[in-house]
Structures are given as C-alpha cells and as structure tokens.
Amino acid sequence: MVVSDYQPAIDDLTRHLVDLGHSDIGFISGPADRIASQKRHECFIKALQTHGLDLRPEWTRDGGFTFEGGMVAARDILASERRPTAIFAANDEIAFGVMNVAHELGLKIPDDLSLIGFDGSRFSTFVVPSLSTVIRDTDAMARLGTQKLLALIEKGPEAARVYESVVSPSFVSRESTGPVPVG
C-alpha cells in the first residue's frame, strides 16, 4: 500500500494562515467514516494546537467531499454571528462550494475570507481567485504502487516492502489566502 503523510503539508498551510494573522479558522471535512477525512481532521487539530489554537465545533462541518456538501457547510458556518476569517476545506471540491457561497453572501476571497483546499485538482488554478491547496503527487503514488505490485508478483511480499510506501503532499499558496480582515 502507498499512503500520504498529510501532517507536513497541513502544518505548512496552518502556519501560512497563522502568519497571515488568522486565529479563527473553520474546517469542512469529508465523511467521518473515510480514513482520509479522519487523517486530515486529526492532522489539522494537531497543527492548530502547535500554534495554541483550537478547532471550534461551531466552525466544523462535514462537507461530504462534494461541491454541494461544501455549499451546505459553508452556508451554516458563514451564517454564524461570529464567523471564521479562514476555512480549510478537506478537498478542493468542498472549497469550490465554499467559494460559491461566499460569492452569494457578498464575501470576497481573500479580502473577507481566506480559503484553502486539498488535493490540488487541476481546477484549483482555473477558478478566480486561484485556490491555495495541498497537492498530492498522484503520479508518484501510482508509480510506487505499480513498483510494489510488480515486486510482489515477481519476487514476493518481502521484495514489495523494499519500495517506499509514503508520499508527502505539499502546500501551495495561491490567491485565495490573504491577511486577516481588519475590523
């Protein structure tokens, strides 16, 4: 199996938001029964704690890894009397839903709300503003998985274990993040 180590990239995106002055940060996850959702959630909590921050329950929702789920979650979070200044979405599709709702509410990204996605979909550079995101190197993951499978078939389990099993994604800052709004 080839897996992603999310912690370094999530640490980087959290540090990026904190460096921009954000301390009120929301999180929209994927489904709670998915391992990827659980890992991203755990890593984000750990990254926030490094900066003395907590993930507030009123700014945390399940976005189902879908555009529509992102919209529902964003409407709920952004309707709060006190809303977050930044949101980390557990995938880019959720983030696109957040962008849509922010536009509906007259909020400008990143002037009124900073936003970060996850997965590095090719559409993250097509939207305006371009989406800050965590890019997973799926080509490297596929290459390693293929190498491991071929080694397993040709030489057995021990040969397959020789190949690297962890790929670390990377955070890319783009136009969707900015300084915390003043006032």
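Which helix holds His16? Select His16 and you are in helix H1; helices (H or I, at least four residues) and strands (E, at least two) are DSSP runs, numbered from the N terminus. The model is a predicted one, in which local features need pLDDT of at least 70 and side-chain atom pairs count only at pLDDT 80 or more, while totals for chains, interfaces and linings use all residues. Residues are numbered from 1 along each chain as its sequence is written, and side-chain values use heavy atoms, with hydrogens and water left out.

His16 has 19% relative accessibility and therefore counts as buried (under 20% relative accessible area; exposed is over 50%, partly exposed in between; 1.4 Å probe, protein chains only). Show its contacts (heavy atoms within 4.5 Å): leaving aside residues up to four places away in sequence, His16 touches Ile116, Phe171, Ser173 and Thr177.

Next, select strand E4, residues 86-89. Ala86 and Phe88 on one side are buried, as are Ile87 and Ala89 on the other, so both faces are covered. Strands pair if DSSP finds at least two bridges between them. E4 runs parallel to E2 (residues 25-29), with four bridges, and Ile28 stands opposite Ala89. E4 also runs parallel to E5 (residues 114-116), with three bridges; here Phe88 stands opposite Ile116.

Just after H2, Gly52 has a positive phi of about 75 degrees.

Finally, display the aromatic rings. Rings of Phe, Tyr and Trp (its six-membered ring) pair if their centres lie within 6.5 Å; planes under 30 degrees apart count as stacked, over 60 as edge-to-face and the rest as tilted. The structure holds six such pairs. The rings of Tyr6 and Phe118 have centres 5.2 Å apart and planes at 90 degrees, so this pair is edge-to-face. Phe88 and Phe118 make a tilted pair, 6.3 Å centre to centre with 50 degrees between the planes. Phe88 lies in E4 and Phe118 in the loop between E5 and E6, so the pair ties together parts 30 residues apart in sequence. To end, select Tyr6, Phe27, Phe44, Phe88 and Phe118, which form one aromatic cluster.
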